[in-house]
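Please find below a short note for a colleague who is meeting this structure for the first time. The points are numbered so that each can be checked against the coordinates.

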Amino acid sequence: MKRTRQPRRTAEQLEKLTKDIVTYYFDNPHANGYKIIEEKFNCTPNVIRKIISDELDNRFKNKRQCINVLED
């Protein structure tokens, strides 16, 4: 059976999906594999990878900024 392509998500849908995936990823360390998230949220591994990567980068930058403030 051939899969049909889904229409692109709107900015609001993508923002909600991002929030949901990040919350799920960090709240469920025992079940945060890409396959599980892919099935649960109906998205591709590339989308998941980008969302999680961006979130980890943001957290690292925020932590680094806090360390720099404390050192000064």
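Predicted model: local features only at pLDDT ≥ 70, side-chain atom pairs only at ≥ 80, totals over all residues.

1. The charged end of Arg-59 sits over the ring of Phe-26, at 3.9 Å from its centre.

2. A search of the whole structure for aromatic pairs finds 2 of them. In one, the rings of Tyr-24 and Phe-41 have centres 5.8 Å apart and planes at 80°, and because an angle over 60 degrees counts as edge-to-face, the pair is described in that way. Tyr-24 belongs to helix α1 and Phe-41 to helix α2 (residues 34-41), so the pair ties together parts that lie 17 residues apart in sequence.

3. Both partners of that pair can be examined for burial, where the cut-off is under 20% relative accessible area. Tyr-24 has a relative accessibility of 15% and therefore counts as buried, and Phe-41, with a relative accessible area of 17%, is buried as well. Lys-40 lies over the face of Phe-41, at 5.9 Å from the ring centre.

4. The rings of Tyr-25 and Phe-26 also form a pair, with their centres 5.1 Å apart and their planes at 90°, so this pair is edge-to-face.

5. Turning to the largest pocket, the space within it comes to about 710 Å³. It is lined by 19 residues, of which Gln-6, Arg-9, Cys-43, Thr-44 and Val-47 are the closest to its centre. Two or more lining residues come from each of α1 (11-27) and α3 (45-71), and α3 gives the largest share, with 6 residues. By class, the lining comprises 8 charged, 6 polar and 5 nonpolar residues.

Key. Residues numbered from 1 in each chain as written. Heavy atoms only, no water. 1 Å grid on protein atoms, 1.4 Å probe; cavity = no way out; pocket = protein on both sides within 12 Å on 5 of 7 lines; lining within 4 Å. Points joined across faces, edges and corners; volume = space filled by probe spheres on them. Helix = DSSP H or I, 4+ residues; strand = E, 2+ residues; numbered from the N terminus. Nonpolar A, V, L, I, M, F, W, Y, C, P; charged D, E, K, R; others polar. Phe/Tyr/Trp six-rings, centres within 6.5 Å; stacked < 30°, edge-to-face > 60°. Buried < 20%, exposed > 50% of the residue type's maximum accessible area, 1.4 Å probe, protein only. Lys NZ or Arg CZ within 6 Å of the ring centre and 35° of its normal.
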